[in-house]
Amino acid sequence: MNEPIQLLPVTNAAQVAQVARMAREVWDEYYVPLIGRAQVDYMVAKFQTAEAMQAQIDSGYEYFQIWQSGQIRQSDKAIGYAAIRHDAAEARLFISKLYLLAAHRKSGAGRQCLELIERLARERAATRLWLTVNKGNPSVRAYERLGFSIAEAIVMDIGGGYVMDDYRMEKPVTPAR
Ligand SMILES: CC(C)(COP(=O)(O)OP(=O)(O)OC[C@H]1O[C@@H](n2cnc3c(N)ncnc32)[C@H](O)[C@@H]1OP(=O)(O)O)[C@@H](O)C(=O)NCCC(=O)NCCS
């Protein structure tokens with residue numbers, strides 16, 4: 001199942017709408033058991049609608065659909081999505097989103113995505129990757145396996161009476177081999 005992965009940049013409104021549909025699916029499936037229905041509805045409405053994602057893109061975020069090679073002509077569905085923001089001044093790259101559909105987890109796709117994101121970071125002379133992840137999310141362990149370590153615990157007020165109770169994790173960008 002270790003099919004090559006591609007990150008296809010989201011460049012038009014139709015692709016933004018596809019990612020928004022996938023976001024709803026992944027957040028409903030994965031985050032409701034972790035943070036509850038009410039907070040998921042709040043966060044999807046605030047951060048993961050097509051309008052919210054377009055505003056993020058307009059402010060410097062880059063979204064990608066994650067495809068497995070061979071699927072592009074055979075299926076109209078990607079296996080996940082990712083978003084990054086490059087901060088040139090700080091030489092670091094923020095991984096804002098990395099979500100795979102349930103059927104495509106734990107078979108190496110996440111590791112391949114991270115390698116592609118790290119390659120992008122290297123091309124842009126970033127020396128660090130960072131992300132935030134809910135403290136109760138088992139993916140903390142996955143990121144540790146992928147070379148990240150916990151830099152700090154952070155609690156972010158996101159309005160509506162909700163907070164994001166996260167770890168900030170970091171990974172140095174390794175030089176090209
Ligand atoms: C996090 C995510 C992108 C990782 O991708 P993946 O394809 O499942 O991960 P991989 O199969 O490449 O595994 C990478 C490593 O992490 C480990 N791992 C993966 N998921 C894990 C989990 N839930 N718990 C513990 N370890 C895990 C794997 O065993 C592997 O380690 P190894 O190579 O030393 O054996 C994916 O699981 C996902 O989309 N999860 C749901 C959404 C989410 O939490 N996203 C992150 C939000 S910040």
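Predicted model: local features only at pLDDT ≥ 70, side-chain atom pairs only at ≥ 80, totals over all residues.
Nine bridges join β6 to strand β7 (residues 162–172), and the two strands run antiparallel. Residues are numbered from 1 along each chain as its sequence is written. Helices (H or I, at least four residues) and strands (E, at least two) are DSSP runs, numbered from the N terminus.

**The chain overall**

- The chain holds five helices and seven strands, and along the sequence they follow the pattern β-α-α-α-β-β-β-α-β-α-β-β.
- The radius of gyration, taken over C-alpha atoms, is compared here with a globule rule of 2.2 Å times the number of residues to the power 0.38. For 177 residues a compact globule would come out near 16 Å, and the chain agrees because its own value is 16 Å.
- Along the principal axes, the C-alpha atoms of the chain fill a box of roughly 45 × 40 × 30 Å.
- A residue is buried if 20 or more other C-beta atoms lie within 10 Å of its own, exposed if 12 or fewer, and partly exposed in between, with C-beta atoms placed from the backbone. Of the 177 residues of the chain, 25% count as buried.
- Two residues are in contact if their C-beta atoms, placed from the backbone, lie within 7 Å. Among contacts in the chain between residues at least 6 apart in sequence, 59% join residues at least 24 apart.

**The sheet**

- Two strands pair if DSSP finds at least two bridges between them. In general, strands of a sheet pair through backbone hydrogen bonds, either parallel or antiparallel.
- Here seven strands make an open sheet of mixed pairing, in the order β1-β2-β3-β4-β5-β7-β6. The edges belong to β1 and β6, each with a single partner strand, so one side of each is left without a neighbour in the sheet.
- From one strand to the next, the twist averages 30 degrees, with axes as lines fitted to C-alpha atoms, for helices over the stretch in contact, and angles running from 0 to 180 degrees between N-to-C directions.
- β4 and β5 run parallel and are joined by three bridges; Leu93 has Leu129 in β5 as its bridge partner.
- In strand β6 (residues 149–159), the number of buried residues is zero out of 11, so the strand lies largely in the open. Ile150 stands opposite Met169 in β7.
- The hairpin of β6 and β7 has two residues between the strands, and Gly160 takes a positive phi near 65 degrees there.

- Ile5 lies in strand β1 (residues 5–9) and counts as buried because 22 other C-beta atoms lie within 10 Å.
- Leaving aside neighbours within four places in sequence, Ile5 is in contact with Ile66, Gln68, Ala109, Gln112, Cys113 and Leu116.
- Tyr30 is 25 residues from Ile5 in sequence, and the two are 22 Å apart in space, C-alpha to C-alpha.

**Around the ligand**

- The ligand is surrounded by 20 residues, of which the closest are Gly110, Arg111, Ser139, Ala142 and Arg145; a residue is near a molecule or strand if its C-beta atom, placed from the backbone, lies within 6 Å of it.
- At least two residues of this shell come from each of β4 (92–100), α4 (109–123), β5 (128–134) and α5 (139–145). α5 gives the largest share, four residues.
- By class, the shell has 10 nonpolar, five polar and five charged residues. Ala, Val, Leu, Ile, Met, Phe, Trp, Tyr, Cys and Pro count as nonpolar, Asp, Glu, Lys and Arg as charged, and the others, Gly among them, as polar.

**Loops worth a look**

- Most residues other than glycine have a negative phi, and most peptide bonds are trans.
- Lys106, in the loop between β4 and α4, has a positive phi of about 60 degrees although it is not a glycine. Lys106 counts as exposed because it has 10 C-beta neighbours inside 10 Å.
- Ala125 sits in the loop between α4 and β5, with a positive phi near 65 degrees. Ala125 has 10 C-beta neighbours inside 10 Å and so counts as exposed.
- Gly60 is in the loop between α3 (50–58) and β2 (62–68), and with 11 C-beta neighbours inside 10 Å, Gly60 is exposed.
- Gly60 and Gln18 are 42 residues apart in sequence and 20 Å apart in space, C-alpha to C-alpha.
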